[in-house]
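Dear colleague,

I am handing over the structure below, together with some notes on what turned up when I went through it. Please read them beside the model.

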Amino acid sequence: MQKIIVKAALLLMLVCSSAAANGLYDAINGLRSEAGPCASAASGTERLPPLVRRSALERVAAGLAHGEKLRQSLAAAGYRATRSTAINVSGDGAGAHAAGILASRGYCRQLQNAAMTEVGIYQDARQIWIVMATPFAASVGLSEDAAGQRVLTLVNQARATARYCGNRPFDAAPPLRWNDALAKASRQHAEDMAHNNYFSHSGHDGSDPAQRVERVGYKYRSTAENIAAGQMKALDAVADWIKSPAHCANLMNPAFTDMGVAFSVNRGSEMGVYWTQEFGARR
């Protein structure tokens with residue numbers, strides 16, 4: 001019974017806070033406007049879009065008002081942020097004079113952060129918590145074909161120069177050729193990792209890299225696989241492979257003549273973006 005009363009009280013608190021904060025959302029977006037009171041603090045001439053109100057960030061703001069840390073409160077609200085920040089104003093009359101306080105006490109630069117796109121507010125008579133954030137959005141920004149060709153170019157640039165992979169020296173190696181079958185195997189494993197939210201060379205069905213290459217009809221003399229996760233750019237995926245001794249060794253191996261690569265995106269997964277790169281030399 002006590003838990004039910006506490007939950008009901010928290011719900012009532014959020015409803016009341018939301019009602020009190022309605023006008024403050026308009027005021028904050030007014031302060032972001034190029035014609036608003038904060039116009040002189042703007043770092044550029046670009047017009048900022050209004051922040052979008054999110055109930056999840058209102059729950060985050062309420063959590064901060066009751067002693068939670070920002071990261072803890074974001075996790076509790078189920079909000080996955082790429083960037084986030086919080087503004088707190090407290091003291092007698094803070095709730096009643098929120099808009100004026102924000103405009104007059106040096107908060108303009110924070111409110112005009114162009115990287116922030118969403119907002120949630122908690123407000124009562126003595127305090128205001130404003131949470132601004134950019135939601136996580138997994139995106140590579142390239143088509144699969146364009147990303148594949150970009151990786152191929154970067155890999156061949158890396159192979160053109162002698163290097164150490166960990167403590168193991170490698171001479172410069174001949175450029176790799178694009179192979180559609182290896183790209184298909186790469187796509188299948190990247191999609192499997194993204195959709196099933198895991199990161200491993202062992203497939204969701206128990207397959208290993210060699211089996212996946214064989215399934216797409218690539219008859220290999222030698223083969224190897226690189227995987228990566230979380231990188232939003234082809235450049236970053238290749239750079240991380242070069243930093244890893246085992247992945248770098250695959251990339252520099254002169255025995256390989258063919259390559260395919262693919263990525264898959266699932267915003268709801270832990271890492272968001274998953275990459276697979278297959279290497280091979282035909283029999």
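The largest nonpolar core of this predicted model has 29 residues, and those with the most contacts inside it are Val151, Trp241, Leu251, Met259 and Trp275. By nonpolar core I mean a set of buried Ala, Val, Leu, Ile, Met, Phe, Trp, Tyr and Cys residues joined through side-chain atoms within 4.5 Å, where buried stands for under 20% relative accessible area, exposed for over 50%, and partly exposed for what lies in between (1.4 Å probe, protein chains only). Two or more residues each come from helix H6 (144-159), strand S8 (220-229), H9, helix H10 (245-252), strand S9 (258-265) and strand S10 (273-282), and H6 gives the most, with six residues. Another core, of 20 residues, lies apart from it and has Ile87, Ile101, Leu111 and Ile128 among its members.

On conventions, residues are numbered from 1 along each chain as its sequence is written, and side-chain values use heavy atoms, with hydrogens and water left out. As the model is a predicted one, local features need pLDDT of at least 70 and side-chain atom pairs count only at pLDDT 80 or more, while totals for chains, interfaces and linings use all residues.

For the protein as a whole, the secondary structure comes to 10 helices and 10 strands, taken as DSSP runs numbered from the N terminus (helices H or I, at least four residues; strands E, at least two). Of the 283 residues, 45% are buried. Among contacts (heavy atoms within 4.5 Å) with a separation of 6 or more, 70% are between residues 24 or more positions apart.

Aspartate 236, found in H9 (residues 234-243), is partly exposed, with a relative accessible area of 34%, and its C-alpha lies 9.8 Å from that of valine 151, 85 residues apart in sequence.

Ser73, Leu74 and Ala77 are its buried residues, and they line one face of the helix, since they fall within an arc of 100° seen down the axis. These residues pack against helix H2 (55-65) and strand S2 (81-90), whereas Arg71, Ala75 and Ala76, on the other side of H3, are exposed. Glycine 78, with a positive phi near 70°, follows H3.

Finally, there are two aromatic pairs, counted where rings of Phe, Tyr and Trp (its six-membered ring) have centres within 6.5 Å, with planes under 30 degrees apart called stacked, over 60 edge-to-face and the rest tilted. The rings of phenylalanine 256 and phenylalanine 279 have centres 5.6 Å apart and planes at 20°, so this pair is stacked; phenylalanine 256 lies in the loop between H10 and S9 and phenylalanine 279 in strand S10, so the pair ties together parts that are 23 residues apart in sequence. Phenylalanine 263 and tryptophan 275 form a tilted pair, at 5.3 Å centre to centre and 45° between the planes, and both phenylalanine 263 and tryptophan 275 are buried.

With best regards

Conventions. Arc of directions from axis to C-beta.
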